[in-house]
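Student: I have a model open and I'd like to learn how to read it. Could you walk me through some features?

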Amino acid sequence: MLNDEEFCDVLREKGVSVDKALERMKGNKNAYRSFLEEFFEDPDFEALSAAVNAGEVGNAFDYAHGLKGMAANLGLDEICDKLSVLVEILRAGRMEGAAQAYAEVAQAVRVVRTDTVD
């Protein structure tokens with residue numbers, strides 16, 4: 001298991017804005033790590049996937065929008081950007097392109113999770 005500094009270094013290498021997020025957490029690396037772990041285990045990811053697959057625009061929007069805010073606060077810029085694309089598709093009341101946008105979110109999540117939280 002990586003110590004907190006190694007953990008942060010790996011995240012930085014993956015393009016995560018660790019320092020920006022740590023500022024919000026008053027430098028508490030342990031809390032940051034804990035919040036990241038919670039984010040990646042959030043059941044809203046599964047609910048978002050299910051809503052997208054079922055064509056439930058409103059539910060999918062709510063889940064994507066909430067996850068986007070959390071990603072932004074945690075410095076997960078790439079994930080946040082991918083969620084923003086999905087949110088805007090859903091905000092327009094469309095499902096066209098939503099499955100592909102969700103797949104890109106899921107891939108961005110896998111990239112950050114690998115060798116850090118997993």
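Student: Let's start with a cysteine: does C8 count as buried or exposed?

Tutor: Before that, some ground rules. This is a predicted model, so to speak: local features need pLDDT of at least 70, side-chain atom pairs count only at pLDDT 80 or more, and totals for chains, interfaces and linings use all residues. Residues are numbered from 1 along each chain as its sequence is written, and side-chain values use heavy atoms, with hydrogens and water left out. Now the terms: buried means under 20% relative accessible area, exposed over 50%, and partly exposed in between (1.4 Å probe, protein chains only). C8 has 0% relative accessibility, so C8 counts as buried.

Student: And how many disulfides does the structure hold?

Tutor: A disulfide is a covalent bond between the sulfur atoms of two cysteines. Here the cut-off is a pair of cysteine sulfur atoms within 2.5 Å. The structure holds 0 disulfides. For C8, the nearest cysteine sulfur belongs to C80, 19 Å away. C80 is buried as well, at a relative accessible area of 13%.

Student: Which residues touch the most other members of the largest nonpolar core?

Tutor: In soluble globular proteins, nonpolar side chains tend to be buried together. A nonpolar core here is a set of buried Ala, Val, Leu, Ile, Met, Phe, Trp, Tyr and Cys residues joined through side-chain atoms within 4.5 Å. The largest one has 40 residues, and Y32, F39, F40, L48, L76 and I79 touch the most other members. Helix 7 gives the largest share, 8 residues. Helices are DSSP runs (H or I, at least four residues), numbered from the N terminus.

Student: What does L76 touch, leaving out residues up to four places away in sequence?

Tutor: Contact means heavy atoms within 4.5 Å. On that basis, L76 touches V16, L36, F39, F40, A71 and V112.

Student: Is K29 buried or partly exposed?

Tutor: K29 is also placed in helix 3, and at 25% relative accessibility K29 counts as partly exposed. Beyond four places in sequence, K29 touches D4, E5, C8 and L22.

Methods:
Helices (H or I, at least four residues) and strands (E, at least two) are DSSP runs, numbered from the N terminus.
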